Amino acid sequence: MRSADHLMCRTGSGRRAVALAAALVWCAAPLAAAPLASAAPLAEPPPGGSVVGGERLGQQGVQVTPTGGTPRLPTGLTGMSWLVADAGTGNVLAAYNPHLRLPPASTLKMLFADTVLPKFDRSTVHRVTPSELAGLGAGSSLVGVKEDLDYKVEDLWRGVFLSSGNDAVHVLANMNGGIEQTVRQMQERAGVLGAADTHVVSPDGYDEDGQLTSAYDLTLFARDGLRNPDFRSYCATRDAQFPGAVDKNTGQRATFGIQNTDRLLGKYPGLLGVKNGYTTNAGSTFVGAAERDGRTLLVAVMHPATYMKVYDETAALLDWGFAAADKVAPVGVLVQPKTGGGGDAAAPASPASPAAVAAAKPALEPPKKEAGPPRSELAAQGVRNWSAVGAAVGCAVAAGLWVAARRRRWSRRTVVAVPATGGATALGAGEPGPAGATAIGHRD
């Protein structure tokens, strides 16, 4: 990712996908004969029929319970899913489709760290073998680990947290007994934490079929990690020196600088971390934690309209959370980790279909006028005539042909232009993407 606004919808295929999605919505509205927002699919029901953290967290749309003097939520939020919670009490202050299961990108590295980080002393030295760097996905984000060289465990973890290095993840996973064992342990750890929306396929967050999580689960991973002093130290580190190659003439080991790709770190007051991510399929994902006046808040945002919005919207929700924390009633709770048992108490989630994951979200506010009938007008009309049915059938046939040609690809939702979030900490949306982030079409 080399610029802030690179998304699939900017490519020709992305524009065709958006156009088709808009046509399908337009055609389906007469058949539904109901407001469009009510027709939008929700997150898949959690296993067992109950909602982890409280029933309201499984309901559609924004969930918040204001009391006297509660500030308004930020306007113009575009994330498909988000959540604001108090890390101390576990109270969820507000949420939007927090159990919607979506690709995680590198935010899944928080669960990897929760699972593996406690197992090795940070001063342990490990020599990297060629096999430990095998199997990295094409276009993976890398910190620059080289075979046949020694690395301290703490250097590898800085590579994971600062550069989102999949090479460092693979080395640590192999130290832990291998990729398959690490994935299995991560799934077990997700169960212990109560993260029932998460299905782990790779330890690094690389795009894989069926690899999914939710804003709720990401918040659990961040909360669990911040209890570990090493985790807190790594995710709050802004820059560091990373071991390089050995100079053949002097025999001395060189180093090079790496920077944290978390764009809020050092810009948002009191920010503690935690982890950002970006892939072609996942879009932007981010979990941020900030501390103010003895209170620590967690915010998770998944799949906003553009790359930089994941930071802008996180900052806006943190601002709101600190202002509203004592003026709202909780809408749910972050569950505590299970004790005295394995990871089976919260059953691991099964993979979701790409169609379910790619479902368009309901709008937080009426969208601006677009080509074709506005959504609000379609919902009000409630058209049921046969000509509309015929048009819908035609759209469905076209969709079937398109899906067959584009199977194994995640559909992208229509992006509605919205004004910048009011009151948020300004970050400069025109900044380039983070150093070391993967380019469009690549995956981290």
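1. The side chains of E154 and R158 meet in a salt bridge, with 3.7 Å from N to O, where a salt bridge is a side-chain nitrogen of Lys or Arg within 4 Å of a carboxyl oxygen of Asp or Glu. Because E154 and R158 are four residues apart in helix 4 (residues 153-161), about one helical turn separates them. Both E154 and R158 are buried, a word that here means under 20% relative accessible area, while exposed means over 50% and partly exposed lies in between, with a 1.4 Å probe and protein chains only. E154 and R158 also belong to a network of salt bridges that links them with R122, D155 and D230.

2. Before going further, please keep the basis of these values in mind. This is a predicted model, in which local features need pLDDT of at least 70 and side-chain atom pairs count only at pLDDT 80 or more, whereas totals for chains, interfaces and linings use all residues. Residues are numbered from 1 along each chain as its sequence is written, and side-chain values use heavy atoms, with hydrogens and water left out.

3. For the chain as a whole, the secondary structure comes to twelve helices and 13 strands; helices (H or I, at least four residues) and strands (E, at least two) are DSSP runs, numbered from the N terminus. Of the 444 residues of the chain, 52% count as buried. The accessible surface comes to about 18,200 Å², of which 55% belongs to carbon and sulfur atoms, the areas being found by the Shrake-Rupley method with a 1.4 Å probe, and for residues only the protein chains shown count as cover. Among contacts between residues at least 6 apart in sequence, 73% join residues at least 24 apart, and contact means heavy atoms within 4.5 Å.

4. Strand 11 (residues 295-302) has seven of its eight residues buried, so the strand is largely enclosed by the rest of the structure. Strand 3 (residues 81-86) runs antiparallel to strand 11 and is joined to it by six bridges, and strand 10 (residues 283-292), also antiparallel to strand 11, is joined to it by eight; two strands are said to pair if DSSP finds at least two bridges between them. In these pairings, V84 has V299 of strand 11 as its bridge partner, and V287 stands opposite A300 in strand 11.

5. Strand 10 deserves a separate look, since eight of its ten residues are buried. Strand 9 (residues 271-279) pairs with strand 10 in the antiparallel sense over eight bridges, and a hairpin of three residues joins the two strands. The bridge partner of V274 in strand 10 is G288. In the hairpin of strand 10 and strand 11, which has two residues between the strands, D293 takes a positive phi near 55°.

6. What does T296 touch, leaving aside its neighbours within four places in sequence? T296 is in contact with A85, D86, A87, G88, L272, A290 and E291. The place of T296 is in strand 11, where T296 is the bridge partner of E291, and with a relative accessible area of 17% T296 is buried.

7. A search of the whole structure finds nine salt bridges. One of these is between D86 and R295, whose closest N and O atoms are 3.0 Å apart. This pair links distant parts of the chain, with D86 in strand 3 and R295 in strand 11, 209 residues apart. D86 counts as buried at 6% relative accessibility, whereas R295 is partly exposed, with a relative accessible area of 22%.

8. Helix 7 (residues 215-225) is mostly covered, as eleven of its eleven residues are buried. D224 forms a salt bridge with R189, the closest N and O atoms being 3.1 Å apart. Here, too, distant parts of the chain are linked, with D224 in helix 7 and R189 in helix 6 (residues 179-193), 35 residues apart. D224 is buried at a relative accessible area of 11%, while R189 is partly exposed at 24%.

9. R223 is buried yet has no salt bridge, and the nearest side chain of opposite charge, D86, is 6.9 Å away; Lys and Arg count as positive and Asp and Glu as negative, with His and the chain ends not counted. The side chain of R223 reaches the backbone oxygen of A87 at 2.9 Å. Not counting residues up to four places away in sequence, R223 touches several residues, including A87, G88, L298 and Q336.

Technical notes:
Polar contact = N/O pair within 3.5 Å; in protein donor to acceptor, adjacent residues only side chain to side chain.
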